[in-house]
Amino acid sequence: MTQTTDTTSERFKDATSSEIDDADIAKDEAALGKWAATRHQELIGTATPEAIRNFAHGYGDDNPLYTDPDYGRKTRWGGQVAPQIMAAVVNAPLRGDKLPKEFRGGSYRGIHAFVSGGTWDWYRNVHPGDTLYSFSGLESVEEKVSEFAGRSVIRVLRDVKMNQRGEIVGVYRTLVINTERKKAREKGKYSAIEEPAYTKDDIAALDEIYAAETVRGSAPRYWEDVVVGEDMGQMAKGPLTTTDMVVFHSGGYGFVPYGLKTSRLAWKNRQRIPAFYIDNEYGVPDVAQRVHWDSEWAKAIGNPRAYDYGVLRECWIYHFLTDWMGDGAFVVRQHDEIRKFNYQGDIQYITGKVDGKRQEDDMTLVDLAIEVRNQRGETTAEADATISLPSRELGGAMLPEVPRDLQRDALRMFERHGELLEGK
């Protein structure tokens, strides 16, 4: 056993030796503002009723607006709709002209990437039968010294999501931190965090929170009734388990850009991106992405155990918003920042308050402030959001207009997609 442990330790040490290459940063700087068609196929390309239900269930959402096609027919939407945040995981290949190699950005092989937050601007819902396409690029890049991992690179990626009619659904900006695994391992900032241990009374108290959670659903939350400073209630998530990761993946997240594959497909993928595969304790090449369910590999890069995806917490925040707002409302914007890791065994408690209310462009809006804290009392994520609510006086919640220049960009991309399909 000692020999196996020593061998594993050496393998992990070798796998965490890569350092950030200045050439990758230079490539990123050259790629800024260069938008290109997103050519990859996500696990889900078209939002079927079953895919919508499974995605919602994947982050723990049982809202019938998302999970029951019959229920949706009685709402203002005329049928089932997807959680707006599902647009992140739905993508069919968009045909387009390839960017020259010098504008494709850095590869950062062997460098770890963390999703540290994001901003969504939404313009319309995704309905069953909608196929989503996107064009994307690098919006900003900045080098920093990280407390967790020493040298790091902060990148903001922008994805514009549109449906099969060329209509923009939303714009997603993802904040990604690229860190050196070696530095994170050496610093070991979080390695001393103790494992949680819960009593039956602890779990009973958690169960009481779950039992008290409600979906606003068909009862409208009118703009006039909302009071600034109002408490939004509480939602719990956890304790985090490997099962949570499996369920989130089963809903459609996490299969690109690198790819979770099995058998011969995994072998082919390993030939394509060998740096993504790190030997496990049995000497078997396995995905670096397993930091989200393999605690031994997570420890090798300076964490005490496996941890969640930043995108999962974004979905949890979205879940909290939509349970509160009701069927007839629409999330206009969600901005979130991931402050700390959420490790296996941790519980997250989501709370919020109404920060303001206003009328803008015929929309009756409320601004919300959200906080996510763990069982240790640490703030692990913060968010602010804007929701369009129905009005007693003016009627249903209005949706925002797409900026004209952005819509024109989308139409150009979609027209080129059609030209290339025709010339195939």
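1. Two charges sit over rings. K34 lies over the face of F103, 4.7 Å from the ring centre. R76 places its charged end over the ring of W77, at 4.0 Å from the centre. The criterion is NZ of Lys or CZ of Arg within 6 Å of the ring centre and within 35 degrees of the ring normal.

2. On the basis of these notes: this is a predicted model, where local features need pLDDT of at least 70, side-chain atom pairs count only at pLDDT 80 or more, and totals for chains, interfaces and linings use all residues. Residues are numbered from 1 along each chain as its sequence is written, and side-chain values use heavy atoms, with hydrogens and water left out.

3. Aromatic pairs number 15 in the structure. The rings of Y133 and F414 have centres 5.7 Å apart and planes at 65°, so this pair is edge-to-face. Rings of Phe, Tyr and Trp (its six-membered ring) pair if their centres lie within 6.5 Å; planes under 30 degrees apart are stacked, over 60 edge-to-face, the rest tilted. Y133 belongs to strand β3 (residues 133–146) and F414 to helix α12 (residues 404–422), so the pair ties together parts 281 residues apart in sequence. Helices (H or I, at least four residues) and strands (E, at least two) are DSSP runs, numbered from the N terminus. Y133 is buried, at 13% relative accessible area. Buried means under 20%, exposed over 50%, and partly exposed in between (1.4 Å probe, protein chains only).

4. F248 and Y309 make a tilted pair, because their ring centres are 6.3 Å apart and their planes at 50°. F248 is in helix α8 (residues 242–250), and Y309 is in the loop between α10 (295–300) and α11 (310–325), so parts 61 residues apart in sequence are tied together. F248 is buried at 1% relative accessibility. Y309 is buried too, at 5%. Elsewhere, F114, Y307, F341 and Y343 form one aromatic cluster.

5. D24, in helix α2 (residues 22–31), deserves a look. D24 is buried yet has no salt bridge; K27, the nearest side chain of opposite charge, is 4.6 Å away. Lys and Arg count as positive, Asp and Glu as negative; His and the chain ends are not counted. A salt bridge needs a side-chain nitrogen of Lys or Arg within 4 Å of a carboxyl oxygen of Asp or Glu. Not counting residues up to four places away in sequence, D24 touches G106, S107 and Y108. Contact means heavy atoms within 4.5 Å.

6. The whole structure holds 26 salt bridges. D97 and R416 form one, with the closest N and O atoms 2.9 Å apart. D97 is in the loop between α5 and β2 and R416 in helix α12, so the pair ties together parts 319 residues apart in sequence. D97 is partly exposed at 49% relative accessibility, as is R416 at 30%.

7. R124 and E167 meet in a salt bridge of 3.9 Å, N to O. R124 sits in the loop between β2 and β3, E167 in the loop between β4 and β5, 43 residues apart. A network of salt bridges links R124, D130, R165 and E167.

8. Strand β4 (residues 150–162) is mostly covered, with 10 of its 13 residues buried. Its antiparallel partner is β5 (residues 168–179), joined to β4 by 11 bridges. Strands pair if DSSP finds at least two bridges between them. R158 has R173 in β5 as its bridge partner. The two strands form a hairpin with 5 residues between them, and G166 in the turn has a positive phi of about 75°.
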